[in-house]
Amino acid sequence: MLIHTLSLVIGMDDPNNPSISIKDALKDGKRIKYHNDYLVNLLASIEEDGCNVKGYFVWSLLDNWEWQSGFTSRFGLYFIDYKDNLKRYPKQSVEWFKKFLK
C-alpha cells in the first residue's frame, strides 16, 4: 500500500464589499461548509487510502493583502475592520472550528 504524507494549507476568499455590515460579514456559512466538506473528504482519504496527514492549516487566519487581488478579497476566520484601527472580529467559522476540535 502506498502511503502519502500530507500537510495542507487550505482556504477560500470572499469578495471585499465595503458596504456590508460587520454583522453580515461575520456570517460565513460558505466557509464553514467549505472546511467541513474538505475535512470529511480528508477523513475518507485517511481511512480508505491510508493517507498520513500531519497537519491542516487554515489559510488565512486573518484577512490579508492578496498578491493578485489586493484588498478586493477577504480571507480568514477573523474579519478585520479597515475603518476602525484594524479591529478584529471572529467570524462564525471560529466557533465552528472550536466545536469541531472538541
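Guide: Here are some questions and answers about this predicted model.

Visitor: What makes up the protein in terms of helices and strands?

Guide: There are three helices and six strands. Along the sequence they follow the pattern β-β-α-α-β-β-β-β-α. Of the 102 residues in the protein, 32% are buried. The accessible surface comes to about 7,100 Å², and carbon and sulfur atoms hold 58% of that.

Visitor: Let us pick one residue. Why is Asp28 called buried?

Guide: Buried means under 20% relative accessible area. Asp28 has a relative accessible area of 3%, so Asp28 counts as buried.

Visitor: Where is Asp28 found, and what is it in contact with?

Guide: Asp28 sits in the loop between helix H1 (22–25) and helix H2 (29–49). Leaving aside neighbours within four places in sequence, Asp28 is in contact with Lys91, Gln92 and Ser93.

Visitor: Now for the rings. How many aromatic pairs are there?

Guide: The count comes to six aromatic pairs. One of them is Tyr38 with Tyr56.

Visitor: Why is the pair of Tyr38 and Tyr56 called tilted?

Guide: Two rings pair if their centres lie within 6.5 Å, and planes under 30 degrees apart count as stacked, over 60 as edge-to-face and the rest as tilted. The centres of Tyr38 and Tyr56 are 6.1 Å apart, so the two rings pair. Their planes stand at 50°, so the pair is tilted.

Visitor: Which parts does this pair tie together?

Guide: Tyr38 lies in helix H2 and Tyr56 in strand S3 (residues 52–58), so the pair ties together parts that are 18 residues apart in sequence. Tyr34, Tyr38 and Tyr56 form one aromatic cluster.

Visitor: Why is Tyr38 called partly exposed?

Guide: Buried is under 20% and exposed is over 50%, with partly exposed in between. Tyr38 has a relative accessible area of 31%, so Tyr38 is partly exposed.

Visitor: How do you know that Phe79 and Tyr89 form a tilted pair?

Guide: The ring centres of Phe79 and Tyr89 are 6.5 Å apart and their planes are at 50°, so the pair is tilted. Phe79 belongs to strand S5 (residues 78–81) and Tyr89 to strand S6 (residues 87–90), ten residues apart.

Visitor: Are Phe79 and Tyr89 buried or exposed?

Guide: Phe79 is buried, and Tyr89 is buried too.

Definitions and conventions. Residues numbered from 1 in each chain as written. Predicted model: local features only at pLDDT ≥ 70, side-chain atom pairs only at ≥ 80, totals over all residues. Heavy atoms only, no water. Helix = DSSP H or I, 4+ residues; strand = E, 2+ residues; numbered from the N terminus. Buried < 20%, exposed > 50% of the residue type's maximum accessible area, 1.4 Å probe, protein only. Contact = heavy atoms within 4.5 Å. Areas by Shrake-Rupley, 256 points an atom, 1.4 Å probe, with all protein chains shown as cover.
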